[in-house]
Amino acid sequence: MTTARAIRLTEFGGPEVMHLDTVDVPAPAAGEVQLRQTAIGFNFIDVYQRMGRYPLPSPTGLGHEAAGVVDAVGAGVTDLKVGDRVVYMNAGVGAYAERRNVPADKLVRLPAGITDEAAAAVFLKAMTAQFLVKKTYHVQPGDIVVVHAAAGGVGQILCRWAKALGATVIGTAGSAAKCEVARAAGCDAAVDYTQADWVAQVVAATGGRKARVVYDSVAKDTFLGSLDCTAPFGMVVLFGGASGPAPLIEPELLNKKGCLFLTRPSVFPHNADTATFRANAKDVFDAMASGAVRASIGARFRLDQVADAHRMAEARANAGAIVMTP
């Protein structure tokens, strides 16, 4: 038995409900390894869960991804050893911690060329981008792709990866400054979606052609406009709700807008099988090695500054990924 500092919640609400406590960490059970975590990733789902929008049992930890070093292995673990550098994104809530036990089948080894910080900054985001551009809609050369929140952690990765696959990429963001970040992330054009005519600007940016796929993680403020940016028989991929839930629509609206496809996928079901998860992770690591995926870190916080990290994210004041260190 050892101890570690970890973020715990006994109620849900604002950033102030997160507390840094000392918790007991037992020896790893069969099929588990114990990690000494070196870098912890932040994702907007952490905010939703802290607020109680996505209910968790109480008390609870927070966080879905981290990188670290294997310090101990439980019985039956044969594919990992002490000293291995690893990363995870779906090992149960509780990544906001110095040390924790994790099922071995939820881990993947890090290649030598990828740092712990880079892995923690992008792994869940890049795994999200991977299933979006390869599985949900397989982006092809010549496709027009619209990416909302293009200056965010997932958005920048999506833009670069879609561009590397040969697409024309139009990004949207919530300010002129963030549009500049989107352009730097590879967008052929960037539009401020807080402007009343943003849909017209998106369509004008491609000479009047609409998108084969629109990736929408903003939802409330963009969803109906996303339908108007999509070409006939195109797809709208709703994969988040940074501005709130998307408006309810009648299915007939998809017909009227051009026989559109609408889907609401998520990353975890796409990686539920261990072999599939590790194959998808290799795809991400290969994309990082090629430069198609980059660890664009916008801010760094210590674990005891977690409330500041959440406030920054909720204010949409960050451009790029947020990383925390124990």
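**Close-up views of a predicted model**

View 1. In helix α1 (residues 44–51), the buried residues are D46, V47, Y48, Q49 and R50, where buried means under 20% relative accessible area, exposed over 50% and partly exposed in between (1.4 Å probe, protein chains only). Helices (H or I, at least four residues) and strands (E, at least two) are DSSP runs, numbered from the N terminus. This is a predicted model, in which local features need pLDDT of at least 70 and side-chain atom pairs count only at pLDDT 80 or more, while totals for chains, interfaces and linings use all residues. Residues are numbered from 1 along each chain as its sequence is written, and side-chain values use heavy atoms, with hydrogens and water left out. The cover over the buried residues of α1 includes β3 (32–41) and α9 (306–314), and α1 is followed by G52, whose phi is positive, near 95°.

**View 2. The crossing of α1 and α9.** The axes of these two helices, α1 and α9, come within 10 Å and cross at roughly 105°; axes are lines fitted to C-alpha atoms, for helices over the stretch in contact, and angles run from 0 to 180 degrees between N-to-C directions. The contact (heavy atoms within 4.5 Å) is made by F44, D46, V47, R50 and M51 of α1 and by H310, A313 and E314 of α9.

**View 3. H310 in helix α9.** H310, which is found in helix α9, is buried, with a relative accessible area of 0%. Leaving aside neighbours within four places in sequence, H310 is in contact with P15, M18, F42, D46, V47, R50, L62 and Y96.

**View 4. The salt bridge of R278 and D79.** The side chains of R278 and D79 meet in a salt bridge (3.0 Å, N to O), defined as a side-chain nitrogen of Lys or Arg within 4 Å of a carboxyl oxygen of Asp or Glu. Because R278 lies in helix α8 (residues 274–290) and D79 in the loop between β4 (66–73) and β5 (85–88), the pair ties together parts that are 199 residues apart in sequence. R278 is partly exposed, with a relative accessible area of 25%, and D79 is likewise partly exposed, at 29%.

**View 5. The cysteine C187.** The structure holds 0 disulfides, a disulfide being a pair of cysteine sulfur atoms within 2.5 Å. C187 is accordingly in no disulfide, and the nearest cysteine sulfur, that of C159, is 3.3 Å away; C187 is buried, with a relative accessible area of 8%.
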